[in-house]
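Colleague: I have the model open and would like to go through it part by part. Please define each term when it comes up.

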Amino acid sequence: MTELTRLRSRHLLGITDLAPDEIELILNTAEAMKEIGTRTIKKVPALRGRTVVNLFFEASTRTRLSFELAEKRLSADTMGITAVGSSVSKGETLADTARTLEAMSPDLIVIRHASSGAPHLLARICKAGIVNAGDGSHEHPTQALLDALTIRERKGRLAGLKVAIIGDLLHSRVLRSNVLLLTRMGAEVRACGPATLILQGLTTLGVHVTTSIDDAVTGADVVMMLRVQHERMHGLFLPSVREYFTLFGLTPKRLERAASDVIVMHPGPMNRGVEIDSAVADGPWSVILDQVANGVAVRMAVLYLLAGEDVT
Amino acid sequence: MGTQSLLLKNARLVDPGAGRDGHFDVLITDGRIARIGKDIPAGDARVVEVPSGWVVTPGLLDIHVHLREPGQEHKETIATGTWSAVVGGFTAVACMPNTDPVNDSSSVTQFILKRAAEANFARVYPIGAVSVGQRGDQMTEMGDLSAAGCVAFTDDGHPVRTAMLMRRALEYSSMFDVPIIEHCEDPSLKADGVAHEGEVAAMLGLRGIPSVAESIMAERDIALSEMTGGRVHIAHMSARQTLRAVREGKSRDIKVTCEVAPHHFTLNHEELAKHGGYNTNLKMNPPLREEADRLAMIDGLRDGSIDVISTDHAPHHADEKALEFDHAPFGIVGLETAVPICLDRLLHAEVLSLPRLVALLTCNPARLLKLPGGTLREGEPADITILSPDTQVTIRTAELVSKSKNSPFDGWTLRGAVAATIVGGRVLYTNPNVPGTAALNPEP
């Protein structure tokens, strides 16, 4: 069996397009990349002379900084465009922005956009490789990959683990990417949220769907909390923050039902006291800051595998 | 007048409105049907022996078309839209009022009719708005609009906003014996949805439009039709729940009718995830629904619950469709793809016999809106469509004559073609891909 050394597509649009061996490849590469971050000189020439454009049409701090740092550590030339102050605010279409960038011959375009499918639109137009840094409610593949890396580090495996994902399932791209990745790698996924924010189709993917957080957490090896947007907290999805925390907030008490060595994850930014109690966020179970560190390594791996020198 | 006499010899004539299905000669003189019969002497008429594979039908009618003029001429004009109709085999269309300005006054109606007369392709029957500006507040002058030529009323693009307005519109329009055509959609349930609420949209991260958003409005309107005795016609039905409501209404003799568009009995929402996903030419309202809904539409066609096939021809400029799925407008063009799809998916798939299929495109819509045509009568204008059900066609959106090319059927190969379209005795279109049609072209 020849070992896989490259991804099959020149884009990373979603976990949905990745086979298990590609996921393994990214995670293994990320482990190697992680070591670079521990050096005094945290830079390798892997993407020297390559150009990466960061196209962020939606507010993002951690994902954008994580990609930028990953690009710099690989010595890529980078430029960033954010929606504010760019031609987007002048009414230019996404397709025209893409064509304009394309004329500057970038190797990769990293895109974050509020509309699901926006990276797919770019992939149809551009010669550059497209990396999805989060599209609408659709996918956030590098988040799921960094989550998988974090779980694998702590647990040594993904297959057979019981993973509970809790929060706004309906609007979460983190949920979708994680479900696709974890089920594909053989984990047992439970998804939990209020009945107004349940996502159709999860059962088809083999996910156990429940509205009881206790049901979801019981015996879990991993508990992954999802952010709940404030605008969904008062109205037709949820009556109030107070009630949400009462029914779905993760507290030390609730965690007692989980496996004794449970880890708690959150993609950030956290709403303390809304979906997660501070005692949990800052407690011994929390691997939230490991996730941030792993984010840089996973993004280095993805960029390298899509645009780096052929390593065969 | 001025047109040559034409004798279609020994044609298979399928005219369900007249109860005809057999071989006849059809003599066209001075733009009108002079005679239908056997062994009609040619006289000085030009004689065309109709090949045995062809079918002569009354001119097809499409009662749900967006011609976009006035106001959105970058998408379509009355001239390009009615030419697209002719190429698609339609001799007449009824056009929706959601133009800019809205067709809510007789002056707009007159403008549309003037433009249609100038274009002189397919006939145009304007549909007026139910409410001024389609805003759902004040009723339009339906009497004046009817007198100017409006054949029905609708706020299409939106539902009639309130139950009270619908009630009054059904009562008021009954004085002119015209139906209210309803775009069934509960706005609060539809919200900002862009695709059918189901597993496909869920996994693509697209906001959903539940089937009930459609059926709940149909149920409201059927109840109001029962109360008022007014006629309601449910446009572009997509959900099996809506069909169930229509069937139930019909079984109680409520004056409800309905139509389905070819895409809703041909495609389902799974298309959205194919070929990289997010093809905006699959974005329409109502959206493509589940396979069970598609099959329900087929079933409704088969058992006669569905009265009419209409296209909901909704042209949009390529630039508008090149946006993110969220931002692209709803709608697809349909005039030039309808006949191949209907022949392939309904006739050859043995869902419908030819007479029953032709009825859904001719006498049924004519009866519904009390339009002239829909059947061939001696002395009436010679609006005729000739079909070649066995000719294979491959749809190339780039070749559509509509000003817009927003169709999901690009590259589809289907069995069944339009051979020729005759409006008022004039052979306006002959399909160069159907052998033998050249004989129909008028001599120079």
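Colleague: How many Å separate the centres of domain 1 and domain 2 of chain A?

Modeller: This is a predicted model, where local features need pLDDT of at least 70 and side-chain atom pairs count only at pLDDT 80 or more, while totals for chains, interfaces and linings use all residues. Residues are numbered from 1 along each chain as its sequence is written, and chains are lettered from A and ligands numbered from 1 in the order in which they are written. In chain A, domain 1 covers 15-138 + 292-307 and domain 2 covers 141-287, with bounds that come from an automatic or database domain assignment. Taken over C-alpha atoms, the distance between the two centres is 26 Å.

Colleague: Which element gives the largest share of the side of domain 1 of chain A that touches domain 2 of chain A?

Modeller: Counting two residues as in contact if their C-beta atoms, placed from the backbone, lie within 7 Å, 21 residues of domain 1 of chain A meet 19 residues of domain 2 of chain A. The elements that give two or more residues to this side of domain 1 are α1 (20-36), β4 (129-135) and α11 (288-307) of chain A; helices (H or I, at least four residues) and strands (E, at least two) are DSSP runs, numbered from the N terminus. With six residues, the largest share comes from α11(A).

Colleague: How many residues on that side of domain 1 of chain A are nonpolar?

Modeller: Ala, Val, Leu, Ile, Met, Phe, Trp, Tyr, Cys and Pro count as nonpolar, Asp, Glu, Lys and Arg as charged, and the others, Gly among them, as polar. The side of domain 1 of chain A that touches domain 2 of chain A has three charged and eight polar residues, and its nonpolar residues number 10.

Colleague: Within what arc do the buried residues of α3(A) fall?

Modeller: In helix α3 (residues 94-102) of chain A, the buried residues are A:Leu94, A:Ala98 and A:Leu101. They line one face of the helix, because, seen down its axis, they fall within an arc (that of the directions from the helix axis to the C-beta atoms) of 65°.

Colleague: Which strand gives the most to the side of domain 1 of chain B that touches domain 2 of chain B?

Modeller: In chain B, domain 1 is 6-56 + 380-440 and domain 2 is 59-369. The contact takes 31 residues from domain 1 of chain B and 46 residues from domain 2 of chain B. On the domain 1 side, β17 (384-394), β18 (413-423) and β19 (426-430) of chain B each supply at least two residues. The most, seven residues, comes from β18(B).

Colleague: How many residues of helix α1 of chain B are buried?

Modeller: Helix α1 (residues 78-87) of chain B is largely enclosed by the rest of the structure. What covers its buried residues includes β6 (60-65), β7 (90-95), α2 (106-119), β8 (123-126), β18 and β19 of chain B. B:Trp83 is one of the buried residues, and of the 10 residues in the helix the buried ones number nine.

Colleague: How many other C-beta atoms lie within 10 Å of B:Ile209?

Modeller: B:Ile209 is found in strand β13 (residues 208-209) of chain B. Among the residues that B:Ile209 touches are B:Lys190, B:His196 and B:Pro287. B:Ile209 is buried, and the number of other C-beta atoms within 10 Å is 28.

Technical notes:
Buried ≥ 20, exposed ≤ 12 C-beta atoms within 10 Å, placed from the backbone. Lists of a residue's contacts leave out its neighbours within four places in sequence.
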